[in-house]
Amino acid sequence: MNPTTNNTADWSEADRLAALRAYDILDTPREGAFDDIVNLVARHFDAPIAVINLIDEGRQWFKAETGLGVRETPLDTSFCAHAILAEDRMVVPDATKDDRFACNPLVTAEPHLRFYAGQVLKSAEGLPIGTLCVLDTKVRPDGPTPLQMETLEVLAAQVMTQLDLRRALAGQQQSQAQFRAIADSMPQMVWSTLPDGFHDYYNARWYEFTGVPDGSTDGEGWNGMFHPEDQDRAWATWRRCLETGDPYEIEYRLRRHDGVYRWTLGRARPIRNETGEITRWFGTCTDIDDLKRSDQAKELLSQELSHRIKNIFAVVSALIALSARQHPEAKEFAGAVRTRINALARAHEFVRPHTENSRPTVGTMTLHAFLTDLFKAYSELTGTPRVVVTGDDATFDDQAATSVALLFHELATNAAKYGALSAEGGKVTLDTRRLDDRFVLTWTETGGPAVEGAPVQTGFGTSLATLSVEGQLGGRLERKWLREGLQVVADLPATALSRRRAAQNAA
Amino acid sequence: MTARILIIEDEALVAMELRFVLEDLGHDVVATVADARSAREVVQETDVDLALVDIHLSDGPTGVALGRELGQDLGVSVLFMTANPGMVRGGVAGTIGVLSKPTDEAAVQKAVDYALRRRQGQPVLYAPPELQLFG
């Protein structure tokens with residue numbers, strides 16, 4: 001009978017063979033640990049033959065044997081091939097009286113086997129991979145003693161423990177080899193420490209970068225590789241992480257093999273066991289020197305650019321004023337141009353790229369913040385604003401800045417000349433509302449001179465305001481000449497103030 | 001009320017326009033200088049009531065330290081005038097405040113008047129809205 005034809009087993013022969021081969025034990029040399037076991041079994045049973053038998057495909061192979069003198073035999077004469085189909089063990093007191101073995105050539109001819117007792121070897125997954133068995137040429141009608149069978153069972157379990165340990169060890173060695181292969185092929189430096197912070201591993205890249213001899217930075221020697229100014233900080237940070245188990249992260253300067261210090265990002269994470277105890281730290285060092293330099297350069301450039309932009313407005317404004325000095329008749333004209341330029345400068349202050357230092361003192365960079373700033377010049381002496389901004393706030397970008405600045409500058413100068421702000425007690429409210437996909441700004445003047453109707457002539461300022469809203473912002477501008485004061489409604493698409501961002505969001 | 005005023009500004013056009021505005025108001029502009037060292041020399045040689053100090057000068061962003069020194073140690077009233085008021089957001093000891101550039105004659109006049117009144121110990125109820133005060 002062949003194991004593959006058995007119908008009662010709850011495993012397949014393919015799985016069984018896979019389990020056997022996973023132990024990587026077939027065709028390995030003899031080993032004392034296993035030889036000792038078969039010798040002991042033979043003596044304990046007072047039998048001539050004992051074997052650690054692994055049932056392979058078409059053959060049985062002996063990891064250890066005594067009394068046989070061969071390492072493998074074909075499967076068709078095997079007793080053990082039958083045994084592994086049994087639950088845990090098989091005993092044959094007299095093979096000549098057993099239908100399964102009476103015609104077996106090993107029974108009918110040399111060596112005339114009669115007695116067999118085998119304990120199945122089961123893999124960790126419970127698959128039978130072979131037996132620990134004992135054979136005799138004499139019939140044993142009483143079979144083995146209970147102590148003999150117990151011994152066989154215990155020793156079979158020891159064989160499997162040996163095999164399982166070997167397999168686990170081999171797996172670990174392989175995963176370690178894999179880790180090293182990965183670690184050594186990484187562009188980053190990799191290191192590892194014991195729970196107390198003792199450095200005991202660095203990958204190839206570390207030695208390549210630093211140029212120090214293998215092993216020379218083990219223990220606490222790593223700290224000496226960093227810039228003297230960074231050592232205390234690195235040490236303190238590392239100590240704290242070791243105590244708390246917090247992830248380690250630091251930027252410090254690491255000495256390269258040529259003596260140049262390069263900015264490096266150091267990071268490490270603890271590995272914990274099931275009970276949460278730290279068993280190791282794994283860390284990396286990444287050369288971020290180029291990145292850091294380009295960041296610094298960018299920051300500097302952006303700062304410089306910011307200063308320049310604002311300064312140009314100041315120079316243009318001064319140039320207009322100086323030019324007008326030669327032409328008293330142009331004074332009013334120059335004044336109007338200057339205030340428009342100044343309003344633009346203010347609006348751009350709110351939208352140009354800022355660094356921490358160049359940010360205007362006003363807190364937020366929103367529409368309300370800008371408008372409040374723009375209308376400051378029209379406040380009462382006490383600082384109470386005469387143009388009150390209410391409603392929904394919004395952000396605006398550089399594309400909208402010019403239009404927003406010109407629109408409200410014109411409305412405010414006009415109100416100061418002819419409207420509510422020209423009279424004591426006159427006020428303006430500016431209400432901004434987000435209404436579905438529209439953003440509506442309503443400018444309402446009250447308390448100024450009574451309005452008699454729309455003016456016959458419109459000035460350039462009015463055209464500018466209309467152009468800003470209807471041309472640039474794609475909205476509608478409506479003027480209502482109410483008796484108590486002018487009301488202006490600018491109805492904009494909600495995206496008009498931040499078109500670039502709206503476009504980005506849509507993309 | 002006329003005063004002796006020092007303009008510390010490295011943009012020549014802006015400095016010149018400021019000088020005209022102050023002279024129109026009847027003030028005596030003792031000098032316009034473009035860097036911190038020249039400013040110290042002027043203050044050591046001449047009496048100065050008020051200094052209008054830009055932050056970015058021809059020798060770098062030296063205006064903040066200069067303003068502090070003039071205000072705290074040398075008895076000059078100091079108003080910063082800068083395109084980048086964020087640089088002195090936290091305030092500068094011994095100085096009055098900051099005026100954001102570009103600005104106009106009216107704002108300059110109000111800010112200078114305010115500074116001079118404070119210098120003379122006159123009661124000043126309200127600071128002009130364009131002037132951001134320190135402290």
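A:Arg262 is buried, with a relative accessible area of 14%. That value falls under the 20% limit for buried residues. The model is predicted. In it, the side chain of A:Arg262 forms a salt bridge with that of A:Asp290, at 3.4 Å from N to O. A:Arg262 belongs to strand β10 of chain A (residues 261–272), and A:Asp290 to helix α8 of chain A (residues 289–325), so the pair ties together parts that are 28 residues apart in sequence. A:Asp290 is exposed, with a relative accessible area of 54%. Side chains of opposite charge can pair when their charged atoms come close.

The partners are A:Arg293 and A:Asp289, at 2.9 Å from N to O. Both residues lie in helix α8 of chain A. They are four residues apart, about one turn of the helix. A:Asp289 is buried, at 1% relative accessible area. A:Arg293 is exposed, at 52% relative accessibility.

A further salt bridge is found in chain B. B:Arg40 pairs with B:Glu69, and their closest N and O atoms are 2.8 Å apart. B:Arg40 sits in helix α2 of chain B (residues 36–45), while B:Glu69 sits in helix α3 of chain B (residues 63–72), so this pair ties together parts that are 29 residues apart in sequence. B:Arg40 is partly exposed, at 28% relative accessibility. B:Glu69 is also partly exposed, at 23%.

Salt bridges in chain A can share partners. One network joins A:Arg21, A:Asp27, A:Asp56, A:Glu57, A:Arg59 and A:Glu72 in this way. Over all chains, the structure holds 46 salt bridges.

The fold of chain B can be read from its elements. Chain B has four helices and six strands. Along the sequence, they follow the pattern β-α-β-α-β-α-β-β-α-β. Helices α2 and α3, which carry B:Arg40 and B:Glu69, are among these elements.

Contacts and surface complete the account of chain B. Contacts with a separation of 6 or more were considered, and 61% of them in chain B link residues 24 or more positions apart. Chain B contains 135 residues, and 52% of them are buried. The chain exposes about 5500 Å². Carbon and sulfur atoms supply 46% of that area.

Terms used
Residues are numbered from 1 along each chain as its sequence is written. Chains are lettered from A and ligands numbered from 1 in the order in which they are written. This is a predicted model: local features need pLDDT of at least 70, side-chain atom pairs count only at pLDDT 80 or more; totals for chains, interfaces and linings use all residues. Side-chain values use heavy atoms; hydrogens and water are left out. Helices (H or I, at least four residues) and strands (E, at least two) are DSSP runs, numbered from the N terminus. Buried means under 20% relative accessible area, exposed over 50%, partly exposed in between (1.4 Å probe, protein chains only). Contact means heavy atoms within 4.5 Å. Accessible areas come from the Shrake-Rupley method with a 1.4 Å probe; for residues, only the protein chains shown count as cover. A salt bridge is a side-chain nitrogen of Lys or Arg within 4 Å of a carboxyl oxygen of Asp or Glu.
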